[in-house]
Amino acid sequence: MFLSAVILALIVGALAGGGFPRLAELRLRWLPLLGIALALRLGGLLLRPSETGLPIGWIFVLAYVFIFAWLWRNWTVPGLQIASVGIAANTLAVVLNGGQMPVWGAAFSAAGFSPSAIAGDPFHRLLLSDRLADFVAHGGLFGDVIPIPLPIIRDVVSLGDILLALGIFWAIVYSMTRPRAHRHAALALGGAASRPAFLTSGAFGSGVPYALPDRAAERAEPRTGGASLYLRLVRNRQFSLLWVGQAVSLFGDRIHYVALAFLVTTRGTPLELGVTFAATAVPNVLLGPLAGALVDRWDRRRTMIACDILRAGIVLTVPFAIEINILLVYLAAFAIATVTLLFRPAKAAVVPQIVGESDLVTANSAISVAETA
């Protein structure tokens, strides 16, 4: 999966007019730490616990910790922030399983593999239990649970793997197309005019590879073709972090609705299921006209953070609430929808603060793409 992400990033970067030599100019810190991590990972795969008596599992844990430390040290490189979150999720799954990555048996079969395919693998282990408690206790949520049943790239990956691949893709494309990169006009989708000019240098001091965007320079830049405008958003670190974070959050929201429907269906009646989802619609009718006016009085960033924390806390109470009384589930559904109603205008209002006026339409389009997908 990671090799595919690298190849795709190189192709996209070249088609966008980026330069391969610019990758060599990227200043990454603590590279020996990454080399040690890869050596530990390779050594763990080659060694056998029965033959060496070594704690092979904790060698894998140590390798993940080193990779995370390396990514964290290069935090200012756009894309590696997302890769850090992916590695952290994978590390948690490995730690909960004593140094092995859990693979959901159902996903393993769905991808077209048989249990024998994992026999003798010192790093992966199958989760075959049908009990939800066992699945959660062994970090199944962060393990390999997403099947890819396609020839050549057949695999089972984790959410952390997807974030890691996305972060690597983003870092490569950004590095190839950032200002002062060697460009190939014949391959540039937006032509010579698409060269960005809104990043400043040295804002974080010497030795830091990237800086935050200069809003005045960005607004002075002429408008270019649609493809180059999206690349400009990729180069906007603040917007990219917002977009990726919201894409992951929206994915979780959709899973929540499916899980809520399943939970109420198995524990209640069709009428109770209908009332539950009716409770999610009521806030839009009663509070919709007031949400924007309220959010305008508050700090948008703090409002978004507070809303997400509140929603997470309320969602965690649902499995316990249904054991007590279905009325508590109605209340939780109403509360989640209300908090979401306050979050949306805050997100819409913060976008013009982190992108230039010329990029605002493209930014709103990119957000709509994530929501629709």
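This is a predicted model: local features need pLDDT of at least 70, side-chain atom pairs count only at pLDDT 80 or more; totals for chains, interfaces and linings use all residues.

Biologist: Let us turn to helix pairs. How do α5 and α6 pack?

Modeller: Helix α5 covers residues 56–73 and helix α6 covers residues 80–96. Their axes are 9 Å apart, and the packing angle is about 160 degrees. Because angles over 145 degrees count as roughly antiparallel, α5 is roughly antiparallel to α6. The crossing of α5 past α6 is left-handed.

Biologist: Which residues of α5 and α6 meet?

Modeller: On the α5 side, they include Trp 58, Tyr 64, Phe 68 and Trp 72. On the α6 side, Leu 80, Ile 87, Asn 90 and Val 95 are among them. By class, the contact of α5 with α6 has 13 nonpolar, three polar and no charged residues.

Biologist: What about α1 and α9: are they parallel or antiparallel?

Modeller: Helix α1 (residues 2–15) and helix α9 (residues 159–177) cross at roughly 25 degrees, and their axes come within 8 Å. Angles under 35 degrees count as roughly parallel, and therefore α1 and α9 are roughly parallel to each other. The crossing of α1 past α9 is right-handed.

Biologist: Which residues are in that contact between α1 and α9?

Modeller: In α1, Phe 2, Leu 8 and Gly 13 are among the residues that meet α9. In α9, the partners include Asp 161, Phe 169 and Met 176. By class, the contact of α1 with α9 has 15 nonpolar, two polar and one charged residues.

Biologist: Now the rings. How many aromatic pairs are there?

Modeller: The count comes to seven aromatic pairs. One of them is Trp 72 with Trp 75, a tilted pair at 4.9 Å centre to centre, with 45 degrees between the planes. Trp 75 is partly exposed, with a relative accessible area of 31%.

Biologist: And how are Phe 108 and Phe 113 arranged?

Modeller: Phe 108 and Phe 113 form a stacked pair, 5.0 Å centre to centre, with 20 degrees between the planes.

Biologist: Is Phe 108 buried or exposed?

Modeller: Phe 108 has a relative accessible area of 9%, so this residue is buried.

Biologist: Which residues do ring pairs link into a cluster?

Modeller: The cluster consists of Phe 60, Tyr 64 and Phe 123, linked by ring pairs. Tyr 64 also belongs to the α5 residues that meet α6.

Biologist: Finally, the backbone. What is phi at Trp 30?

Modeller: Phi of Trp 30 is near 55 degrees, which is a positive value in a residue other than glycine. Trp 30 is in the loop between α2 (21–24) and α3 (31–46). With 48% relative accessibility, Trp 30 counts as partly exposed.

Biologist: Where is Ile 152?

Modeller: Ile 152 is in the loop between β3 (146–148) and β4 (155–157). This residue is not a glycine, yet Ile 152 has a positive phi of about 75 degrees. Its relative accessibility is 88%, so Ile 152 counts as exposed.

Definitions and conventions: Residues are numbered from 1 along each chain as its sequence is written. Side-chain values use heavy atoms; hydrogens and water are left out. Axes are lines fitted to C-alpha atoms, for helices over the stretch in contact, and angles run from 0 to 180 degrees between N-to-C directions. Helices (H or I, at least four residues) and strands (E, at least two) are DSSP runs, numbered from the N terminus. Angles under 35 degrees count as roughly parallel, over 145 as roughly antiparallel, 65 to 115 as roughly perpendicular and the rest as oblique. A crossing is left-handed if the near helix is turned anticlockwise from the far one by less than a right angle, and right-handed if clockwise. Contact means heavy atoms within 4.5 Å. Ala, Val, Leu, Ile, Met, Phe, Trp, Tyr, Cys and Pro count as nonpolar, Asp, Glu, Lys and Arg as charged, and the others, Gly among them, as polar. Rings of Phe, Tyr and Trp (its six-membered ring) pair if their centres lie within 6.5 Å; planes under 30 degrees apart count as stacked, over 60 as edge-to-face and the rest as tilted. Buried means under 20% relative accessible area, exposed over 50%, partly exposed in between (1.4 Å probe, protein chains only).
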